[in-house]
Amino acid sequence: MKPSIQLRLLPSTRCLFDEPVQLKVAGLRSRQVVTIKATSTDEREVVFGSSATYRADDGGEVDLNRDPSLNGSYVGVQPMGLLQSLKADTLHKYFFKNKALKPHVVKFSVHEQEADGRILAEETNERFLMGDGVSRDPIKEGNIRGVLFTPPGEGPFPAVLDLGTFMSEKRACLLANKGFLVLTIAVFSDRQNMKEIHLDPFKEAVDFLRHHPKVGPVGVGIISRSKGTDIALSLAAFVPGVEALVWINGTSASVGTPLYYKKQQILSPLMFDFSKVITTKSGANLIKYATDDPLEEKNKGSLVPIERAKSQFLFVAAEDDLNWDSKDYMDEMVERLKRCGKENFETVFYPGAGHLLEPPYGPFCSSALHGMLSFSVVWGGEPRAHAAAEIHLWKKIQEFFRTHLSCDAAQAKANL
């Protein structure tokens, strides 16, 4: 490495997971062409990497906020492109970063374009999931199995239930950094218990948050994606205290499993027709068209009666969701609410985005093993459009919850 060449990460080499950093290289020759690489290892010890080629300006500097990538994992001006384009060497790998206590570590390096590609400079970015003062507490109370993230201070805080298909702490602790008290739980604790779902444990989680001493007088918010959305909708429809619900790329029916509440079946399962699964050239499967139509007469018992809910809804659908037709499900629910004279919803539609909308600046995943199935599936999305959608959505989610879960919102509702 040449000591005169510097790779800087601004404003710091340490930041939160959902914060951007600016990469700048100085000390290069005028108009020198270099390759910048990024590598990171996920929680399953899978190594992901990306690279992009840049040309320095007349002063020998490269600024990723300003300069376009000439080729590599992406092209054009994409300040966080090296992070968002991280990929494993093998196909259909999702970057697992679901535990909050350890940071997402990314190693950046600048390489000579000519000769042996020797390293000219290196730097490491530590991207923390938990901010200063946020506490993490595993919860085992009654039927609740989850993790509670609490912001620093006495509160009261707006409360959010993060309902994932499988357990993940990432989104929950990042929301806690923003001032929300968040309990994260999973629809499925393992892959062995997928024959039926009972709503009662999820009601316990809602009640846990409602009665928490640091939670304000407003009801609970819920955020969910994919399979978690039909459980979230059912909580809003059948359980009191759900004030605001974020639905991301989900369904309007109980998919794959019957739903029980108070020892009675309340929703029948909307099933899959596996003969409609299409295998793509990459080996991953397209399952978007394999889910039965919930509007067919035989399937209407699977529809969640969201018209019963008193919650505010934020429906989020991606145009290129290849897991299922989330846009159609969103449109159907909106029409149903309108027919009932309700206006308790907002919608957001993201052209070019895929199924796995997550907090921003993580690696884009176009295909991976499906958690509920035994094969890999395509998730969809154009990388650049998907990344832009994640940045916009992350801000929208926070604004939505602050609007409907604040103490001011409680007072306004009481005055009506």
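What follows is a chat about a predicted model.

Me: New to this one. What kind of model is it, experimental or predicted?
Reply: It's a predicted model.

Me: Which residues does the UniProt domain annotation cover?
Reply: The record, an unreviewed UniProt entry, puts "domain: BAAT/Acyl-CoA thioester hydrolase C-terminal" on residues 197–406.

Me: How much helix and strand is there over residues 197–406?
Reply: That stretch is 28% helix and 21% strand.

Me: Let's go to the core. Which residues have the most contacts inside the largest nonpolar core?
Reply: Those are Leu 161, Leu 183, Leu 235, Phe 313 and Phe 315, in a core of 54 residues. The largest share of this core comes from α4, with 7 residues.

Me: What does Leu 161 touch, leaving aside its neighbours within four places in sequence?
Reply: Quite a list: Leu 161 is in contact with residues including Leu 183, Ile 185, Phe 202, Val 220, Ile 223 and Leu 235.

Me: And what about a second core, which residues does that include?
Reply: The second core is separate and has 34 residues, among them Met 130, Val 134, Val 182 and Ile 248. As a general point, nonpolar side chains tend to be buried together in soluble globular proteins.

Me: Which residues of α5 are buried?
Reply: They are Ser 326, Tyr 329, Met 330, Glu 332, Met 333, Val 334, Arg 336 and Leu 337.

Me: What covers those buried residues of α5?
Reply: The cover includes helix α4 (228–238) along with strands β17 (242–248), β22 (312–318) and β23.

Me: What happens just after α5?
Reply: Gly 341 comes there, with a positive phi of about 75°.

Me: Now salt bridges. How many does the structure hold?
Reply: It holds 19 salt bridges. One of them joins the side chains of Lys 170 and Glu 358, at 3.2 Å from N to O.

Me: Where do Lys 170 and Glu 358 lie?
Reply: Lys 170 lies in helix α2 (residues 170–177), while Glu 358 is in the loop between β23 (345–350) and β24 (367–369). The pair therefore ties together parts that are 188 residues apart in sequence.

Me: Are Lys 170 and Glu 358 buried or exposed?
Reply: Lys 170 is buried, and Glu 358 is buried too.

Me: What about the salt bridge of Arg 66, which residue does it meet?
Reply: Arg 66 meets Asp 57, at 3.1 Å from N to O. Arg 66 is partly exposed, with a relative accessible area of 42%. Asp 57 is partly exposed as well, at 22% relative accessibility.

Me: And Glu 297, which partner does that have?
Reply: Glu 297 pairs with Lys 300 in a salt bridge at 3.6 Å, N to O. Glu 297 counts as exposed because its relative accessibility is 64%, over the 50% cut-off. Lys 300, at 41%, counts as partly exposed. Elsewhere, salt bridges that share partners join Arg 29, Glu 112 and Arg 118 into one network.

Me: On to strands. How do β11 and β12 pair?
Reply: Strand β11 (residues 135–141) and strand β12 (residues 144–150) pair in the antiparallel sense, over 7 bridges. Glu 141 stands opposite Ile 144 in β12. The two strands form a hairpin with 2 residues between them, and Gly 142 in the turn has a positive phi of about 60°.

Me: What's the order of the open sheet of 3 strands?
Reply: The order is β1-β3-β6, with antiparallel pairing. The edge strands are β1 (6–10) and β6 (62–63), and each pairs on one side only. Between β1 and β3 (residues 22–26) there are 5 bridges, and Leu 7 stands opposite Val 25 in β3.

Me: Last one, where is Met 372?
Reply: Met 372 sits in the loop between β24 and β25 (376–378). At 22% relative accessibility, Met 372 counts as partly exposed. Not counting residues up to four places away in sequence, Met 372 touches Thr 165, Phe 166, Phe 188, Met 194 and Lys 227.

Key: Residues numbered from 1 in each chain as written. Predicted model: local features only at pLDDT ≥ 70, side-chain atom pairs only at ≥ 80, totals over all residues. Heavy atoms only, no water. UniProt positions renumbered as here; feature names shortened; annotations may be inferred. Helix = DSSP H or I, 4+ residues; strand = E, 2+ residues; numbered from the N terminus. Salt bridge = Lys/Arg side-chain N within 4 Å of Asp/Glu carboxyl O. Buried < 20%, exposed > 50% of the residue type's maximum accessible area, 1.4 Å probe, protein only. Contact = heavy atoms within 4.5 Å. Pairing = 2+ DSSP bridges. Core = buried A, V, L, I, M, F, W, Y, C linked by side-chain atoms within 4.5 Å.
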